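Dear colleague,

Please find below the structure that I am handing over to you. My findings follow directly after it.

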There are 2 protein chains.
Amino acid sequence: MAYDVYDSECPARAVLDHVGDKWALLVLNRLGEGPVRFNALRRDINGLSQKVLSQVLKRLERDGLITRTVFPTVPVTVEYALTRMGECLNANVGPLLHWAESNMDQIRAAQSAYDERLSEAA
Amino acid sequence: MAYDVYDSECPARAVLDHVGDKWALLVLNRLGEGPVRFNALRRDINGLSQKVLSQVLKRLERDGLITRTVFPTVPVTVEYALTRMGECLNANVGPLLHWAESNMDQIRAAQSAYDERLSEAA
DNA sequence: TCATCTAGTTACTTTTTGAAACCAACAGAC
DNA sequence: GTCTGTTGGTTTCAAAAAGTAACTAGATGA
């Protein structure tokens, strides 16, 4: 393996900086269902601001993970979609998000137990 | 599905905030190879500061993803290891990091192409 | 004429991050 | 004895990032 995410100098780390980001994960996953327009992404992903969304989209486009298509409608509409490489990545992202959703009960139990142990110790 | 990562009010989003973090991904993945001590993690994961590492470890421990074991040696040693749930999560994290490493060539090509298009347009 | 839609950008504030110093407690070298 | 290095952290402070809200343009509908 020529690339190593554990090495801060390795370009793979730079990509991890883009991909290992909660907003990027949500955007990728949302695009996995098909092409989506800018404002639709913003509305669907609760809490995502326009500024951060446009930054995330630019990074993902630069990395070749998504495409940006402008339609000359009035007003102009812009559609974002996964590239083949983006789809390939998303195949690994989906399980991560799905895992979070399906293990929440166990996680919440662990958090409660942890907090209780802390307050007992104090 | 009772939980929804797209909803900013959902606890699943809070967990995504912990898990969708480059440092947490690297820590989890490193622990996937077996228990590791604090300073070993810090040394192995290039660029990770003590402060951030201790924050990440606390969050992951609270979420029930890792265990923290103190050995009364001199000086004291602390070992971190994945719980069963952590291992389960890591099964989804590994492919993500591996994907980044094995697709770097294609990503770098996309970045170069993107940058060239930008400079041409300017 | 005023508000609304599109997809962003810009300015400002607040939060988070990262670098470095510091802590205690002990072992071994000098 | 005291200087260095080890352990696993916490604290402090400056810098970077993120969030909030306002603003852009150009056409549509009320």
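In this predicted model, A:Ile66 stands opposite A:Leu82, a residue of β3(A). The strands β2(A) and β3(A), the latter covering residues 77-82, run antiparallel and are joined by six bridges. They belong to an open sheet of three strands in chain A, with the order β1-β3-β2 and antiparallel pairing. β1 (36-37) and β2 (66-71) of chain A each have a single partner strand and stand at the edges, so one side of each is left without a neighbour in the sheet. Helix α2 of chain A (residues 22-31) packs on this sheet and touches β1, β2 and β3 of chain A. The direction of this helix makes about 90 degrees with that of β3(A).

I turn now to the contact between the chains. Chain A contributes 55 residues and chain B 57 residues. About 5,100 Å² is buried between the two chains, and carbon and sulfur atoms give 65% of this area. Of the area that chain B buries against chain A, 16% is supplied by B:Tyr6, B:Arg62 and B:Trp99, more than by any other three residues.

Between chain B and chain A there are four salt bridges. B:Lys22 forms a salt bridge with A:Asp17, where the closest N and O atoms are 3.1 Å apart. On the side of chain B that touches chain A, α5(B) gives the most, with 13 residues. By class, that side has 27 nonpolar, 18 charged and twelve polar residues.

Yours sincerely

Key
Residues numbered from 1 in each chain as written. Chains lettered and ligands numbered in written order. Predicted model: local features only at pLDDT ≥ 70, side-chain atom pairs only at ≥ 80, totals over all residues. Heavy atoms only, no water. Contact = heavy atoms within 4.5 Å. Buried area = accessible area lost by both parts, 1.4 Å probe. Salt bridge = Lys/Arg side-chain N within 4 Å of Asp/Glu carboxyl O. Helix = DSSP H or I, 4+ residues; strand = E, 2+ residues; numbered from the N terminus. Nonpolar A, V, L, I, M, F, W, Y, C, P; charged D, E, K, R; others polar. Pairing = 2+ DSSP bridges. Axes fitted to C-alpha atoms, helices over the stretch in contact; angles between N-to-C directions.
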